[in-house]
Amino acid sequence: MRRVVSAHFPPGRWHVGGSMEQAEVTRTYDRNAPWYDLMQAPMERMGARRWRPMLLEGMAGRVLELGVGTGTNLPLYDRNVVVTAIDPSARMLERARARAAQAYATVELVEAVAEDLPFATASFDAVVASFVFCSVSDPLAGLHEARRVLVPGGELRLLEHQRPSGPILARVFDALDPLARRLSGASINRPTDDHVRVAGFDDVASLFLDRFGIVRLIAARAPSTQGDASGHDAQTAAHDRQTPDGELAELAAEEPNARRAKEVDR
Ligand SMILES: C[S@@+](CC[C@H](N)C(=O)[O-])C[C@H]1O[C@@H](n2cnc3c(N)ncnc32)[C@H](O)[C@@H]1O
């Protein structure tokens, strides 16, 4: 059975997470919602359409999708998944409702921000997001929340565009970032895989899906004993550096441009 519920928050122009900046981001997505799929179409053709199934491969149980937008991923979940999907933009969620209706999985839509999730600790087996941490106004707070709501050892999987790996292109992206943010609500120079490490996740692995290291599939696990979610300790850092990224390599077997971040950085 399909269940679509909306609005944990009253309708209207409220400031999510108390952040003016986030209110502006949300307004931008509300404004762009009618054209979002059209604006996103070139990106889908360039690769996102192929990468989305990699993001959701093997997902089962209770899955939280952050920043669901117009719901592009929703028809791709298997029927054995119970999806809770959040987004702060009511207009984007309106569009996601139509996609939820086409989903095999059970879907619940909730108006909320990643930085302040209205869910109990350890209530999801996996947390996923595609092209979201470029927009979340406090990405570290959002990742700490993702870690909190995951069961110990639960999986975080992100498909994100971020600051390119090469220094020249990285500087170009830095220069264009203010304009990109104003027009689309999304930042183009976030170091999201570093943020995942800093937020205290284990087994952080990052796979470059294009040759410039811009789009990445990031996989990580919540620590198997969930302690203080406030930051990254030395033990976690040492563990991350030894992480085998076999799981991502398997996911990317079919993807011609995919390379592990470690290989490209060398
Ligand atoms: C670029 S869109 C991506 C939408 C969708 N995930 C996709 O793959 O097409 C970014 C989405 O993140 C949402 N967003 C912005 N700030 C957020 C926050 N603080 N927490 C969760 N989602 C947020 C936006 O409303 C928007 O729907």
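Predicted model: local features only at pLDDT ≥ 70, side-chain atom pairs only at ≥ 80, totals over all residues.

Visitor: Let us begin with strand 4. Is it largely enclosed or largely open?

Guide: Strand 4, residues 124-130, is largely enclosed by the rest of the structure, because 6 of its 7 residues are buried.

Visitor: Which strands pair with strand 4?

Guide: Strand 1, residues 61-66, pairs with strand 4 in the parallel sense over 4 bridges. Strand 5, residues 150-161, also pairs with strand 4 in the parallel sense, over 6 bridges.

Visitor: Which residues stand opposite each other there?

Guide: Val 63 is opposite Ala 126 of strand 4. Val 128 has Arg 157 in strand 5 as its bridge partner.

Visitor: Now the ligand. Which residues come nearest?

Guide: Of the 24 residues around the ligand, the nearest are Tyr 29, Gly 67, Gly 69, Ala 114 and Ser 130. Helix 1, residues 20-32, gives the most to this shell, with 3 residues.

Visitor: How does the shell divide by residue type?

Guide: The shell has 12 nonpolar, 10 polar and 2 charged residues.

Visitor: One last topic: where does Asp 210 lie?

Guide: Asp 210 is in the loop between strand 6 (202-208) and strand 7 (215-221).

Visitor: Why does Asp 210 count as partly exposed?

Guide: Asp 210 counts as partly exposed because it has 17 C-beta neighbours inside 10 Å. Its C-alpha atom is separated by 8.8 Å from that of Gly 47, 163 residues apart along the chain.

How values were computed
Residues numbered from 1 in each chain as written. Helix = DSSP H or I, 4+ residues; strand = E, 2+ residues; numbered from the N terminus. Buried ≥ 20, exposed ≤ 12 C-beta atoms within 10 Å, placed from the backbone. Pairing = 2+ DSSP bridges. Near = placed C-beta within 6 Å. Nonpolar A, V, L, I, M, F, W, Y, C, P; charged D, E, K, R; others polar.
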